[in-house]
Amino acid sequence: MTTTTNAIFFELTPGKIVDLQIDHPVKLRLKAMLVGYDLGQYIILKHPAPQNMSNYSDVLVEGNVVVVRYLLEGQQGECYAFRSTIRNITKIPEKFIFLSYPAKIENRQLRTHQRFVTHIPASIVTRDDDDVKKISQLKGIISDISAKGCGFVFKTDNSKVKVNPKDIFIIMRSPNDTEITIPAKVCNSRFENGKVNVGIQFAEDDEQVRAILNQLSIEL
């Protein structure tokens with residue numbers, strides 16, 4: 001993993017969740033939703049406590065230092081973090097937290113192998129049964145792929161849907177139109193904008209994966 005520090009744009013979109021770390025007067029980690037920002041001026045977060053409660057009143061105060069972390073999914077998958085101070089907390093029309101806009105933002109690549117964007121129809125099934133054909137298949141697409149893993153995406157209207165970590169098979173058609181079954185495991189999943197994004201890790205040194213990457217003209 002590599003870490004870089006640059007004066008980069010804060011490019012998280014409103015509605016996303018960020019992680020807040022505060023160390024004074026007590027150590028606290030909590031999550032808050034991004035409302036918006038004025039580039040170079042301030043960042044606005046929705047207060048994590050209800051309007052009529054005084055939760056976190058001892059730590060979420062003006063002048064306190066806060067470390068903000070958030071994830072951006074892409075070909076590499078990156079974690080961003082910056083240090084800021086609380087400028088103001090409003091109560092009308094809602095409880096909002098105004099943070100000073102950071103001078104620098106650190107980013108760290110989470111994946112050691114670059115993933116390449118794809119759009120390959122596929123299905124995933126659990127490995128609880130010897131006959132995978134008897135198991136109901138979850139259909140979607142492989143949105144990105146590398147030698148070590150892939151991203152699998154499927155649509156749903158239920159924001160509570162998730163795929164638990166487990167051993168699975170990925171069933172897909174290779175670029176030469178043959179069906180293949182790849183052993184893998186689910187690492188994580190998250191719902192976002194009507195879709196569930198599933199992070200999948202392949203079995204070590206799977207020759208089928210190497211063959212697919214070669215057929216897609218992706219260098220290992």
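What follows is a dialogue on how terms are applied to one predicted model.

Modeller: This is a predicted model, in which local features need pLDDT of at least 70 and side-chain atom pairs count only at pLDDT 80 or more, while totals for chains, interfaces and linings use all residues. Residues are numbered from 1 along each chain as its sequence is written, and side-chain values use heavy atoms, with hydrogens and water left out.

Biologist: Which residues is H47 in contact with, leaving aside its neighbours within four places in sequence?

Modeller: N55, Y56, L60, I89, K95, F96 and I97. Contact means heavy atoms within 4.5 Å. Across the protein chain, 59% of the contacts between residues at least 6 apart in sequence join residues at least 24 apart.

Biologist: And why is R83 called buried or exposed?

Modeller: R83 is at 60% relative accessibility, so it counts as exposed. R83 is found in strand β6 (residues 78-90). Beyond its neighbours within four places in sequence, R83 is in contact with V65, V66, V67 and P102. The C-alpha atoms of R83 and A103 are separated by 8.8 Å, the two residues being 20 apart along the chain.

Biologist: How do you know which strands pair in the barrel?

Modeller: Two strands pair if DSSP finds at least two bridges between them. Six strands close into a barrel in the order β9-β10-β11-β14-β13-β12, with antiparallel pairing. The twist averages 45° from one strand to the next; axes are lines fitted to C-alpha atoms, for helices over the stretch in contact, and angles run from 0 to 180 degrees between N-to-C directions.

Biologist: What joins β9 to β10 and to β12?

Modeller: Strand β9 (residues 116-126) and β10 pair in the antiparallel sense over seven bridges. β9 and β12 are also antiparallel, over five bridges. I124 has L138 as its bridge partner in β10, and I124 stands opposite I170 in β12.

Biologist: How many bridges join β12 to β13?

Modeller: Seven, between β12 (residues 167-173) and β13 (residues 179-192), which run antiparallel. For I171, the bridge partner in β13 is T181. Helix α1 (residues 207-215) packs on the sheet, touching β10 (138-145), β12, β13 and β14 (195-202), and its direction makes about 85° with that of β13.

Biologist: What makes a set of residues a nonpolar core?

Modeller: A nonpolar core is a set of buried Ala, Val, Leu, Ile, Met, Phe, Trp, Tyr and Cys residues joined through side-chain atoms within 4.5 Å. The largest has 23 residues, of which I142, I170, M172, I182, V198, I200 and F202 touch the most other members. The elements giving two or more residues to this core are β9, β10, β11 (149-155), β12, β13, β14 and α1. Apart from it lies another core, of 21 residues, among them V18, L60, I97 and I105.

Biologist: What makes the peptide bond from H24 to P25 cis?

Modeller: Its omega is near 0°. P25 lies in the loop between β2 (17-22) and β3 (28-38). A cis peptide bond also joins I92 and P93, with omega about 0°, and P93 is in the loop between β6 and β7 (96-100).

Biologist: What phi does N193 have?

Modeller: A positive one of about 55°, although N193 is not a glycine. Most residues other than glycine have a negative phi, and most peptide bonds are trans. N193 is in the loop between β13 and β14. At 69% relative accessibility, N193 counts as exposed.

Note on methods. Helices (H or I, at least four residues) and strands (E, at least two) are DSSP runs, numbered from the N terminus. Buried means under 20% relative accessible area, exposed over 50%, partly exposed in between (1.4 Å probe, protein chains only).
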